[in-house]
Amino acid sequence: MRGSFAVEGLSSMSMRVTPTPSREHTAAGIRVGDKVLVGTKALVGTVRFRGETHFADNEWLGVELVAPVGKNDGSIQGVRYFSYEKRSQKDSDSIDGCLYGIFVRPSAVMKMTDEVRAQD
């Protein structure tokens with residue numbers, strides 16, 4: 001993974017390595033269409049919306065998740081910000097009605113690179 005690394009000593013025998021992504025992989029470099037990791041659970045998705053919303057101040061990202069663990073379908077309170085194709089059970093382990101959309105602050109995502117994908 002590109003970027004620098006911060007190393008914290010946990011004991012004399014072990015260390016934890018925490019990646020510090022470069023600016024191009026953080027909120028400033030993220031665009032609609034980018035593959036991203038969301039939050040501490042590292043949910044994988046694609047950015048489908050970036051901008052201001054009616055439900056909260058400041059900028060938000062609308063992300064279509066790979067897994068059906070979202071909180072919405074790209075709309076909130078009757079306003080559609082993005083959409084995605086319905087998936088059949090044949091295409092995934094989901095069933096109709098499962099939600100793939102989530103809205104997050106840009107600071108909650110990290111852009112995936114080929115290097116990050118290869119580590120999964």
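User: In the hairpin of β4 and β5, which residue takes a positive phi?
Analyst: This is a predicted model. Strands β4 and β5 run antiparallel and are joined by seven bridges. Six residues lie between the two strands of this hairpin, and the one with a positive phi, near 70 degrees, is Asn58.

User: Which residue in β5 does Arg50 stand opposite?
Analyst: β4 spans residues 43–52 and β5 spans residues 59–65. The two strands are antiparallel. Across from Arg50, the residue in β5 is Leu61.

User: Is Thr53 buried or exposed?
Analyst: Thr53 is placed in the loop between β4 and β5. Its relative accessibility is 12%, and the limit for a buried residue is under 20%. Thr53 therefore counts as buried.

User: The side chain of Thr53 reaches the backbone oxygen of which residue?
Analyst: Leaving aside neighbours within four places in sequence, Thr53 is in contact with Asn58, Trp60 and Tyr81. The side chain of Thr53 also reaches a backbone oxygen at 3.2 Å, and that oxygen belongs to Ala56.

User: Over how many bridges do β3 and β4 pair?
Analyst: β3 covers residues 35–38 and pairs with β4 in the antiparallel sense. Lys35 stands opposite Thr46 in β4. The two strands form a hairpin with four residues between them, and Gly39 in the turn has a positive phi of about 65 degrees. The number of bridges over which β3 and β4 pair is four.

User: What percentage of the residues of the chain count as buried?
Analyst: The chain has one helix and nine strands, and its elements run β-β-β-β-β-β-β-β-β-α from the N terminus on. Its accessible surface comes to about 7900 Å², with 51% belonging to carbon and sulfur atoms. Of the 120 residues of the chain, the share that counts as buried is 33%.

Notes
Residues numbered from 1 in each chain as written. Predicted model: local features only at pLDDT ≥ 70, side-chain atom pairs only at ≥ 80, totals over all residues. Heavy atoms only, no water. Buried < 20%, exposed > 50% of the residue type's maximum accessible area, 1.4 Å probe, protein only. Polar contact = N/O pair within 3.5 Å; in protein donor to acceptor, adjacent residues only side chain to side chain. Contact = heavy atoms within 4.5 Å. Areas by Shrake-Rupley, 256 points an atom, 1.4 Å probe, with all protein chains shown as cover. Pairing = 2+ DSSP bridges.
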